[in-house]
Amino acid sequence: MNEIKHSARCMCGAVVLEATGPHQSGEYCHCKWCQQSSGSAFIPWVSFRKEQVRVLSGELSYYHSSPGCKRGYCRDCGSTMSFHTDEYFDLTLGIMDDPESFRASRHIWTKSRISHVKLVDDLPEFKESGP
Ligand SMILES: [Zn+2]
Ligand SMILES: [Zn+2]
């Protein structure tokens with residue numbers, strides 16, 4: 001069976017990832033940790049189950065950001081690339097080669113949303129992680 005594949009890469013190209021099959025969900029996370037780790041106001045995440053994603057070349061470096069969770073980045077160029085739990089291997093939308101293929105369905109952790117960042121879509125908003 002030919003499943004769709006999505007590739008992703010960091011800014012310098014040292015780390016290349018590949019996800020197979022449809023993503024599980026997409027969301028904009030406004031939590032403080034996403035703000036700090038990216039330097040941005042929020043991170044758009046594309047969620048995959050961990051079996052769906054593999055590293056094609058290079059190597060992710062990790063920061064263990066909270067119990068059971070780690071964040072992946074490229075140690076050469078510093079690109080914010082992934083978020084890992086026991087079940088999931090989430091990718092940042094900005095590293096995807098085909099970012100237009102993914103839509104987010106909600107905003108989460110809006111209690112730490114930066115107030116002058118205006119949300120102009122009609123997606124549901126959750127103060128914390130949501131259901
Ligand atoms: Zn890199
Ligand atoms: Zn977050």
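This is a predicted model: local features need pLDDT of at least 70, side-chain atom pairs count only at pLDDT 80 or more; totals for chains, interfaces and linings use all residues.
How many bridges join β2 to β5, and in which direction do the two strands run? Four bridges join them, and the strands run antiparallel.

## Overall architecture

The protein contains one helix and 10 strands. Read from the N terminus, the order of elements is β-β-β-α-β-β-β-β-β-β-β. The radius of gyration is 14 Å, close to the 14 Å that the globule rule gives for 131 residues, so the protein is as compact as a globular protein of that length.

Taken along the principal axes, the box filled by the C-alpha atoms is roughly 40 × 35 × 25 Å. Of the 131 residues, 31% count as buried. Among contacts with a separation of 6 or more, 54% are made by residues 24 or more positions apart.

## The three-stranded sheet

Three strands form an open sheet in the order β1-β2-β5, with antiparallel pairing.

The pairing of β2 with β5 rests on four bridges. L17 has V55 of β5 as its bridge partner, and E18 has R54 of β5.

## The seven-stranded sheet

A further open sheet has seven strands in the order β6-β7-β8-β9-β4-β3-β10, with mixed pairing. Here β6 (61-66) and β10 (106-108) stand at the edges; each has a single partner strand, so one side of each lacks a neighbour in the sheet. From one strand to the next, the twist averages 30°.

Within this sheet, three bridges join β8 to β9, which run antiparallel. F83 lies in strand β8, and the bridge partner of F83 in β9 is D90. F83 counts as buried because 22 other C-beta atoms lie within 10 Å, and the cut-off for a buried residue is 20 or more. Leaving aside neighbours within four places in sequence, F83 is in contact with W45, C69, R71 and D90. The C-alpha atoms of F83 and S47 are separated by 8.9 Å, although these residues are 36 residues apart along the chain.

In soluble globular proteins, nonpolar side chains tend to be buried together. In this model the largest nonpolar core has 25 residues, and C29, M81 and L91 are those with the most contacts inside it. The elements that give two or more residues to this core are β2 (16-20), β3 (25-29), β4 (43-47), β8 (80-84) and β9 (89-92). With three residues, β4 gives the most.

What does L91 touch, not counting residues up to four places away in sequence? The residues touched by L91 are A8, L17, A19, V46, F48, M81, S82 and M96.

## The surroundings of H30

H30 is found in the loop between β3 and α1 (32-38). Is this histidine, H30, buried or exposed? H30 counts as buried because 23 C-beta neighbours lie inside 10 Å.

Leaving aside neighbours within four places in sequence, the contacts of H30 are F42, H107, I108, W109, T110, S112 and R113. H107 and I108 in this list fall within the span of the edge strand β10 (106-108). By contrast, the C-alpha atoms of H30 and L60, 30 residues apart along the chain, are separated by 23 Å.

Note on methods
Residues are numbered from 1 along each chain as its sequence is written. Chains are lettered from A and ligands numbered from 1 in the order in which they are written. A nonpolar core is a set of buried Ala, Val, Leu, Ile, Met, Phe, Trp, Tyr and Cys residues joined through C-beta atoms within 7 Å. A residue is buried if 20 or more other C-beta atoms lie within 10 Å of its own, exposed if 12 or fewer, and partly exposed in between; C-beta atoms are placed from the backbone. Two residues are in contact if their C-beta atoms, placed from the backbone, lie within 7 Å. Two strands pair if DSSP finds at least two bridges between them. Axes are lines fitted to C-alpha atoms, for helices over the stretch in contact, and angles run from 0 to 180 degrees between N-to-C directions. The radius of gyration is taken over C-alpha atoms; the globule rule is 2.2 Å times the number of residues to the power 0.38.
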